[in-house]
Amino acid sequence: IFSRTMTGGQEYYNITHPQVIGGGGVHILVKKPANTIRIFCLGSSACAGWPHPPTETFSAYLQQALETAYPGKKVEVINAAAHGFAAYRTRRVLDEVLQMEPDAVIVWEGNNEFLEDRNYDPPSAGIVSLARHLRTFQWLRSVFPRQNKMSGKDLKDVAQFFWKRTRQQSLRLREDPVQFAQVQEHFRISIEHMVSQSQRCQVPIVLCTVPVNLRDWLPTVSYNRLSGEPLQQWQKFYNQARRCLIEGKYNDGIQLMNQAIAMENEHAESYFWLGRLLEADGQKAAAWEAFSKARDLDYNPFRAISSFNESIRDLAGQNQHRGVYLLDLDNIFTGASRYAAPGFDLFLDYVHPTKPANLLVAQNAFNMITRDGVLKDKPAVDQFTYHDVPAEPNGKLYREETD
């Protein structure tokens with residue numbers, strides 16, 4: 001996504017990829033100046049801070065705070081996140097930025113793994129199961145990572161994907177169990193690649209779990225295999241449970257929705273309304289589980305599923321104290337939400353954070369960088385600070401509620 005140009009006798013890296021949000025203003029010296037801290041943020045639109053202006057993104061807040069913490073250094077926090085990119089594209093971006101002398105890389109990725117239609121040839125389950133237990137196989141996969149030819153120069157099927165959301169169509173990658181398993185494996189392989197390449201270059205990498213709007217965003221497609229009389233009985237339980245939510249009969253509603261789920265346990269929206277009933281009944285932990293289940297069962301998923309976060313946590317745990325750090329934004333957002341699960345209190349839509357949520361990400365990233373040894377140098381100040389910067393041409397501050 002980068003190109004090189006000469007300006008004033010000096011060579012610069014410039015972001016030229018059209019999908020990189022705000023990339024047109026990124027120009028960094030090829031030869032990194034002395035006393036410079038250079039951090040890259042990689043991922044998709046949630047990482048980029050869309051739809052906020054560049055001054056209102058987590059990376060901009062992080063740069064401000066690090067400039068205060070390291071007054072004797074030039075700080076570059078470069079957000080190279082790209083709209084619509086999945087992990088298999090972001091890994092290629094990471095391969096590029098590792099050549100640019102970064103002091104650290106932050107990866108926040110996982111919401112676009114179902115965006116482009118593709119087909120996986122499934123390997124033999126027996127061979128895969130055996131191979132995963134062999135150290136030799138693990139070593140070979142780290143030394144010779146699977147080739148990835150998806151550059152992202154021409155993202156295919158994006159318009160079709162959004163049209164399928166509007167039409168509420170199931171995605172083949174989600175409804176086919178074999179393809180669904182391969183998407184999850186592909187995601188893990190992409191993150192493994194980013195970890196191993198960062199370790200090879202001795203660059204610290206911060207892996208972020210992916211927070212999403214669980215509480216206030218309905219699943220797009222809910223699968224229901226029932227028909228005839230069973231479907232009518234299911235519909236009766238489902239409708240009565242939702243009526244109980246309106247009438248404040250939460251315990252009755254929980255029992256009715258569980259009866260509907262017992263008849264069809266893959267219907268995503270049933271778990272969403274069960275979450276609302278459980279939350280209203282004061283059962284926050286159970287409500288979060290129900291909301292998460294609703295997200296995972298969506299047959300047109302455009303929110304990161306929980307298995308992606310499990311892979312991120314697992315890989316970070318396996319590589320603890322080896323230059324890999326876990327920024328568990330999924331748990332951080334849950335803890336910061338005023339509800340049982342994050343909703344419109346922290347998100348503008350299904351995955352894109354509000355300004356307060358971007359500040360939450362920046363503060364936690366700052367604490368990790370300054371206190372957990374991500375950077376070699378000790379900060380002069382270890383308290384997160386920032387100030388609003390006018391983003392409008394008239395000098396006024398940006399107001400996301402009017403966007």
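**Rings, helices and backbone**

User: Which residues do ring pairs link into a cluster?

Analyst: The cluster holds Tyr61, Phe366, Phe384 and Tyr386. Rings of Phe, Tyr and Trp (its six-membered ring) pair if their centres lie within 6.5 Å. Planes under 30 degrees apart count as stacked, over 60 as edge-to-face, and the rest as tilted.

User: What kind of model is this?

Analyst: It is a predicted model: local features need pLDDT of at least 70, side-chain atom pairs count only at pLDDT 80 or more, and totals for chains, interfaces and linings use all residues. Residues are numbered from 1 along each chain as its sequence is written, and side-chain values use heavy atoms, with hydrogens and water left out.

User: Back to rings. How many aromatic pairs does the structure hold?

Analyst: There are 17 aromatic pairs. One of them joins Trp217 and Phe344, edge-to-face, with 6.3 Å from centre to centre and 80° between the planes.

User: Where do Trp217 and Phe344 sit in the chain?

Analyst: In distant parts, 127 residues apart. Trp217 is in the loop between strand 7 (205–208) and helix 9 (228–247). Phe344 is in the loop between helix 14 (329–336) and helix 15 (355–371). Helices (H or I, at least four residues) and strands (E, at least two) are DSSP runs, numbered from the N terminus.

User: Which residue lies over the face of Phe180?

Analyst: Arg174, at 4.1 Å from the ring centre. Lys293 lies over the face of Tyr271, at 5.9 Å. The rule: NZ of Lys or CZ of Arg must be within 6 Å of the ring centre and within 35 degrees of the ring normal.

User: New topic. How many helices and strands does the protein chain have?

Analyst: It has 15 helices and eight strands. Of its 403 residues, 54% count as buried.

User: At what angle do the axes of helix 3 and helix 8 cross?

Analyst: At roughly 10°. The axes of helix 3 (residues 87–97) and helix 8 (residues 177–200) come within 9 Å. Axes are lines fitted to C-alpha atoms, for helices over the stretch in contact, and angles run from 0 to 180 degrees between N-to-C directions.

User: What does that make helix 3 and helix 8 to each other?

Analyst: They are therefore roughly parallel. Angles under 35 degrees count as roughly parallel, over 145 as roughly antiparallel, 65 to 115 as roughly perpendicular and the rest as oblique.

User: Where is Trp108?

Analyst: Trp108 is in strand 6 (residues 104–108). Trp108 is buried, at 2% relative accessible area. Trp108 and Thr209 are 101 residues apart in sequence, but 6.8 Å apart in space, C-alpha to C-alpha.

User: Now the backbone. Which peptide bond is cis, with omega near 5°?

Analyst: The one from Trp50 to Pro51. Pro51 is in the loop between helix 1 (45–48) and helix 2 (58–69). Most peptide bonds are trans, and most residues other than glycine have a negative phi.

User: What is the phi of Asn35?

Analyst: Positive, about 60°, although Asn35 is not a glycine. Asn35 is in the loop between strand 3 (27–29) and strand 4 (36–43). Asn35 is partly exposed, at 48%.

User: And Gln202: what is its phi?

Analyst: Near 55°, also positive. Gln202 is in the loop between helix 8 and strand 7. Gln202 is exposed, at 72%.

How values were computed: Buried means under 20% relative accessible area, exposed over 50%, partly exposed in between (1.4 Å probe, protein chains only).
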